[in-house]
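Here are some notes for a colleague who is meeting this structure for the first time.

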Amino acid sequence: MDDKEKRWSKAQLKEDEFWQRDNVYDDELNRVLTRYKPTIDRLAEQLPENPVILDVGCGPTCPTHLFPSGLKIYLDPLMDSYGKTYSGKLPEGSKLTSTAEMLPLDDNAADIVFCVNALDHMIYPGKALSEIRRVLKESGTFVLGLFLHPPPIAVIRRFVDKYLPMFREDAHPYSYTVKSTRKMLSEYFNIKDEVSVYRKESAMFTSLHREDRLFLCGKN
């Protein structure tokens, strides 16, 4: 097990602890509804009949349950734990316990792949994106959601991560900006649209707050 895998294992324990907290599910589900549902509703109008919808790193809120129809596949390395904690709340559909770096699906299997607030938690994001591209149909849509940092904050976070590990945030080993995300995605996909779904506003420091943004992509 290399250092990235060790860190990921440690981060998974923290992520599991997070979802054990009181009221966290309702708060996170409200975030899904307010930020992602408008885009999901728009995409639902464009889908073929009986689409295959893959939700990568879905957590227990499973955002793609908001699609009105389709074969839904919810995938998360902590799915077994979610099944115990939220047995009465998880939606209907196939539930897989797996990482994104090795998706248990055939090539060109999915009409929609959704991955929100998950890529920056992963062991090898590039490998995960390659796998998502593999399972996405030629005419399919990949939706990536990330919390993006302003460049100065991203630089600071990367410095701390590399040189001050005692202060780093173990659960988020990667810090992305708008520019770095576009560059990363361009290796695997064409970005068709971007939707800023949330950014905290304040009188003086709005430009230093992270932004929640969706990238709607097709295969390149």
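1. Helices (H or I, at least four residues) and strands (E, at least two) are taken as DSSP runs and numbered from the N terminus. The model is a predicted one, in which local features need pLDDT of at least 70 and side-chain atom pairs count only at pLDDT 80 or more, while totals for chains, interfaces and linings use all residues. Residues are numbered from 1 along each chain as its sequence is written, and side-chain values use heavy atoms, with hydrogens and water left out.

2. Helix α6 covers residues 151-163, and its 13 residues reach 18 Å from the first C-alpha to the last, close to the 18 Å expected at 1.5 Å a residue; the expected span is 1.5 Å times one less than the number of residues. A154, V160 and D161 are buried in α6, where buried means under 20% relative accessible area, exposed over 50%, and partly exposed in between (1.4 Å probe, protein chains only). Seen down the axis of α6, the buried residues fall within an arc of 130 degrees, so they line one face of the helix; the arc is that of the directions from the helix axis to the C-beta atoms. On the other side of α6, P151, V155, I156 and K162 are exposed.

3. F159 also belongs to helix α6, and it counts as partly exposed because its relative accessibility is 46%. Together with Y163, L164, M166 and F167, F159 forms a nonpolar patch on the surface, with about 590 Å² of accessible area in total. Such patches are made of residues with over 30% relative accessible area and no salt bridge, like charges being joined within 9 Å and nonpolar side chains (Val, Leu, Ile, Met, Phe, Trp, Tyr) within 5 Å; the areas come from the Shrake-Rupley method with a 1.4 Å probe, and for residues only the protein chains shown count as cover.

4. A salt bridge is a side-chain nitrogen of Lys or Arg within 4 Å of a carboxyl oxygen of Asp or Glu, and by this rule the count comes to 15. One of them joins E28 to R31, with the closest N and O atoms 2.7 Å apart. E28 and R31 are three residues apart in helix α2 (residues 24-35), so about one helical turn separates them.

5. Another salt bridge brings together the side chains of D212 and R35 (2.9 Å, N to O). Because D212 lies in strand β7 (residues 211-219) and R35 in helix α2, the pair ties together parts that are 177 residues apart in sequence. D212 is buried, with a relative accessible area of 1%.
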